[in-house]
Amino acid sequence: MYENAAGIDVHKKQITVAVRTPGARRGRHQQVRRYATFFTALREMVEWLTALGVTHVAMEATGIYWRPVWHALAEAERFEVLVCNAAHVKNVPGRKTDVGDAAWLAQLLEVGLLRGSFTPPEHLVAIRDLTRYRSSLVQERTRETQRLCKVLEDAGIKVDSVASESLGVSARHMIEALVSGERDPAVLAELARGRLRKKIPDLTLALGGRFNAHHGLMCRLHLDHIDHLAAAIGRVEAQVETMIVPFEVPRRRLCTVPGIAERASAAIISEIGVDMSWFPSGGHLASWIGLCPGNHESAGKRKTGKARKGNQYLKSVFVEAAWAAVRTDTRLKARYQRLLRRFGAPVTRSP
């Protein structure tokens, strides 16, 4: 299907490029070269491919290492570049070499047996990097909050057993007072705000522990780190809101779906964009994300329905949105209740 095709085996420090072009007597001629992954070397690779008249290039999605190669090829605007799932182009056992992998990719490409993965445009990649980084920051803030709770538990301070939020306004004032040297449980309990003041007797009992100077130091370090992470999250969210303005109309439409709010809509758009022509149907999109059962059947027996890995970032967003949707007064909640009666409550597996 493609006379001049190339396959690239990508690694961190070097790439192996195999080019297949028309040969003598209706055969195929193959050339192989290795290049370093420095950008100047990648430009030399692009010049070589251009000189050979290559029109289509295929490579595996190898971690983050494929991206500099893809950018070098995309900037040339001379090739159709396919980034393929490594599981779809696995080589025959016993033939695993860099040259063999590159040649195998080129052979599959030239006969039209490769399908490229979804690669979002550059402006979406920038938003996606920010939304993914925000997710990492939120996870780290949660871990740091858990470390703070661990210190308080060691000191016998049980404020999180009374207050619904371990770092709410009232709980934060009490912890700050503990760090500053206040040890009287009654005085600490009086720092409660709002509805928590109804629980002052319980708070008095929860705040009577063995909090000492060492606990104060550890709490101060954890609180400072949490504040730093919160400030970073705020900066990232502000930048996301600025960059996603061109997608405001589809974002508002997306927010009409039960369970999806501003942050979830920004994450979804950053991962898949607004052009759904990449996905033939909703089922294809669900499979790409990794939210549908897998198929493994042999001799009429279904062995497993384990879902594929898919897009881990988008999967977590949709799972959170689904749990939010079942708490709304919509048909989604009714459907969830019907499925719950049929299959029972979901099993939570301990790590």
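A polar contact is a pair of N or O atoms within 3.5 Å, of which, within protein, one must be able to donate a hydrogen and the other to accept it. The model discussed here is predicted.

**Asn 311 and helix α13**

Asn 311 is found in the loop between β7 (301–304) and α13. Its side chain reaches the backbone nitrogen of Leu 314 at 3.0 Å. Asn 311 also caps the N-terminal end of α13, with a side-chain oxygen 3.2 Å from the backbone nitrogen of Tyr 313. Because its relative accessibility is 9%, Asn 311 counts as buried. Beyond its neighbours within four places in sequence, Asn 311 is in contact with Arg 132, Glu 271, Trp 288 and Ile 289.

Leu 314, Lys 315, Val 317, Ala 321 and Ala 325 are the buried residues of α13. Viewed down the helix axis, these buried residues fall within an arc of 165 degrees, so they line one face of α13. Their cover includes α11, α12 and α14 (331–343).

In soluble globular proteins, nonpolar side chains tend to be buried together. The largest nonpolar core in this model has 26 residues, and Leu 137, Val 240, Phe 247, Ile 260, Ile 268, Ile 269 and Ile 272 have the most contacts inside it. At least two residues of this core come from each of α4 (122–154), α9 (213–243), α11 (262–272), α12 (282–289) and α13 (312–325). The largest share, six residues, is supplied by α11. Another core, of 25 residues, lies apart from this one and has Leu 148, Ala 155, Ile 175 and Leu 188 among its members.

With residues up to four places away in sequence left out, Ile 269 touches Leu 124, Ile 244, Phe 247, Pro 250, Arg 251, Leu 254 and Val 274.

**Helix α6**

Helix α6 (residues 169–180) has 12 residues and reaches 17 Å from its first C-alpha to its last, close to the expected 16 Å. Buried in α6 are Ser 170, Ala 171, Arg 172, Met 174, Ile 175, Ala 177 and Leu 178. Among the elements that cover them are α4, α5 (159–162), α7 (185–189), α8 (200–206) and α9. Just after α6, Gly 181 takes a positive phi of about 120 degrees.

**Salt bridges**

A search of the whole structure finds 17 salt bridges. The table gives three of them.

| Salt bridge | Closest N and O atoms |
|---|---|
| Arg 28 with Glu 110 | 2.7 Å |
| Lys 158 with Glu 153 | 2.2 Å |
| Asp 224 with Arg 220 | 3.3 Å |

Arg 28 counts as partly exposed at 33% relative accessibility, whereas Glu 110 counts as buried at 9%.

Lys 158 is partly exposed at 33% relative accessibility, and Glu 153 is partly exposed at 37%.

Asp 224 and Arg 220 both lie in helix α9, four residues apart, about one turn of the helix. Salt bridges that share partners join Arg 172, Glu 176, Arg 220, Asp 224 and Asp 227 into one network.

Methods:
Residues numbered from 1 in each chain as written. Predicted model: local features only at pLDDT ≥ 70, side-chain atom pairs only at ≥ 80, totals over all residues. Heavy atoms only, no water. Core = buried A, V, L, I, M, F, W, Y, C linked by side-chain atoms within 4.5 Å. Buried < 20%, exposed > 50% of the residue type's maximum accessible area, 1.4 Å probe, protein only. Contact = heavy atoms within 4.5 Å. Expected span 1.5 Å × (residues − 1). Arc of directions from axis to C-beta. Salt bridge = Lys/Arg side-chain N within 4 Å of Asp/Glu carboxyl O.
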